[in-house]
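I opened the notebook to record what I looked up in this model, going from the whole chain down to single residues.

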Amino acid sequence: MKQLQIFYSYYFVREKQLTSLIMLNETEQSKKIVESVFDELQKNTSRLDILLKTAFYDIFGTVLKVVHEIMKDVSEYFEIAKLADVAIEKCDVEAVKELCFELITITQIGITKKDHAPAIEKIIEYILANYDNPSLTVSAIADKFGIHPNYLSNIFKAHKGVTVMNYVSDVRISKSKDMLVRTRLTVEQIALQVGYTNAHTFTRAFKKLENITPTNFRKRFDDWHSREIKQARKFR
């Protein structure tokens, strides 16, 4: 029983890491986690059958948590579980480990093939409706849609070519540029209205994307607008 408790402790500290790696489509790193679990398992000399079954079904459960987010048909997974039960009865450690690898492989194939476009569009709609909320983070968006933050980051970047928070920043800065040229709100007021907590953070984000401060951006626009008005008057 003591050995079983040691193994449980060893595995559960890795569950979150394994989930993240599978969602990020990191096949080799995922397999290394599984490999480490089975390496530890083989150090135990008693009740190998129980430990082997525990290892497989813990990993099986972790994989299924990911699977339920990306596909409906899980029959292939339960076929693998049946094969694992036979291997467990024989205490065939290598066979059970290979079946765990197979679980990871077919899951990551499913992640690659899944069409995430409808989900991404809903996420973008949510960002556009909530960009002014300073608490809009990857975790907050993931919670809203009931998915893992790492999984959200992975599929969003795959579809949009930018990270979630870079996209949020792009939206905020775009909205702020419109307000800078169309209103006389102060930089501080605009910062608060587009989701920043203060003018300093807003100015830093603005300059990072536009290579100019919000104040100078407004001045440049005002100067251009004045020239355009003067030019127009010449032709009246």
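**Ground rules.** I am working with a predicted model, in which local features need pLDDT of at least 70 and side-chain atom pairs count only at pLDDT 80 or more, while totals for chains, interfaces and linings use all residues. I number residues from 1 along each chain as its sequence is written, and the side-chain values use heavy atoms, with hydrogens and water left out.

**Fold.** I find 12 helices and 0 strands in the chain, where helices are DSSP runs of H or I with at least four residues, strands are E runs of at least two, and numbering starts at the N terminus. Of the 236 residues, 39% count as buried, that is, under 20% relative accessible area, with exposed meaning over 50% and partly exposed in between (1.4 Å probe, protein chains only). Taking contacts (heavy atoms within 4.5 Å) between residues at least 6 apart in sequence, I note that 65% join residues at least 24 apart.

I then listed the contacts of F56 beyond four places in sequence, and they include I80, A84, V96, C100 and L103.

**Cysteines.** My search of the whole structure for disulfides, meaning cysteine sulfur pairs within 2.5 Å, finds 0. C100 counts as buried because its relative accessibility is 0%, whereas C91, at 33%, counts as partly exposed.

**Helix pair.** How do the axes of α9 and α11 cross? The axes of α9 (residues 164–182) and α11 (residues 199–210) come within 10 Å and cross at roughly 100°, so α9 is roughly perpendicular to α11, a label given to angles of 65 to 115 degrees. These axes are lines fitted to C-alpha atoms over the stretch in contact, and angles run from 0 to 180 degrees between N-to-C directions. Among the residues that meet, I note I173 and L180 in α9 with F202, F206 and L209 in α11.

**T19.** I place T19 in helix α1 (residues 2–23), where T19 counts as buried at 10% relative accessibility. T19 touches T62, V66 and H148, leaving out residues up to four places away in sequence. T19 and N150 are 131 residues apart in sequence and 9.1 Å apart in space, C-alpha to C-alpha.

How values were computed
Angles under 35 degrees count as roughly parallel, over 145 as roughly antiparallel, 65 to 115 as roughly perpendicular and the rest as oblique.
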